[in-house]
Amino acid sequence: MNFSFDSNFDLAEEFDLSMYFVLEEGRDNYSNFIEIVKSNRNRFKHGVVFAYPLDNETIKECLDLDLYIGVTAYALRKPDNAELVASIPMEKLVIGTNSP
């Protein structure tokens, strides 16, 4: 397991914290991400995933893990993403902003 994830899962478990994940475009981290979260899902209560790019597969896999999906204006820069965001159940949608 990735050491940085390991220590974050330890803290989440010990202090009953939520997890916050950012999957960035151009990084080769998604393939391991789902497996790491699946194997540690019992260690944290809630989790939010901000994924760039946003796609149906990511949304489905994250919802299957009972995670929230975070969306920012950046995720909506592509017109097709509006349909993807509309497919996220409202109770699982988190709107992120950089505004004060």
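Residues are numbered from 1 along each chain as its sequence is written. Because this is a predicted model, local features need pLDDT of at least 70 and side-chain atom pairs count only at pLDDT 80 or more, while totals for chains, interfaces and linings use all residues, and side-chain values use heavy atoms, with hydrogens and water left out.

**The core**

Let's start inside. A nonpolar core is a set of buried Ala, Val, Leu, Ile, Met, Phe, Trp, Tyr and Cys residues joined through side-chain atoms within 4.5 Å. Buried means under 20% relative accessible area, exposed over 50%, and partly exposed in between, with a 1.4 Å probe and protein chains only. The largest nonpolar core has 27 residues, and those touching the most other members are F9, F21, F33, V37, F44, V49 and L67.

What does V49 touch, not counting residues up to four places away in sequence? Its contacts (heavy atoms within 4.5 Å) are F21, L23, F33, C62, L67, Y68, I69 and G70.

Helix α3 has T58, I59 and C62 as its buried residues. Seen down the helix axis, they fall within an arc of 100°, so they line one face of α3; the arc is that of the directions from the helix axis to the C-beta atoms. On the other side of α3, you will find N56, E57, K60 and D64 exposed. An α-helix has 3.6 residues a turn, so residues three or four places apart point the same way.

M19 sits in strand β1 and is buried, at 8% relative accessible area. Leaving out residues up to four places away in sequence, M19 touches N8, F9, A12, F44, H46, G47 and V48.

K45 belongs to the loop between α2 and β2. Although K45 and M19 are 26 residues apart in sequence, their C-alpha atoms are 8.1 Å apart in space. Aside from neighbours within four places in sequence, K45 is in contact with D16 and L17.

Finally, N81 is part of helix α4. N81 counts as buried, with 7% relative accessibility, and touches L54, A75 and L76, again not counting residues up to four places away in sequence.

Key
Helix = DSSP H or I, 4+ residues; strand = E, 2+ residues; numbered from the N terminus.
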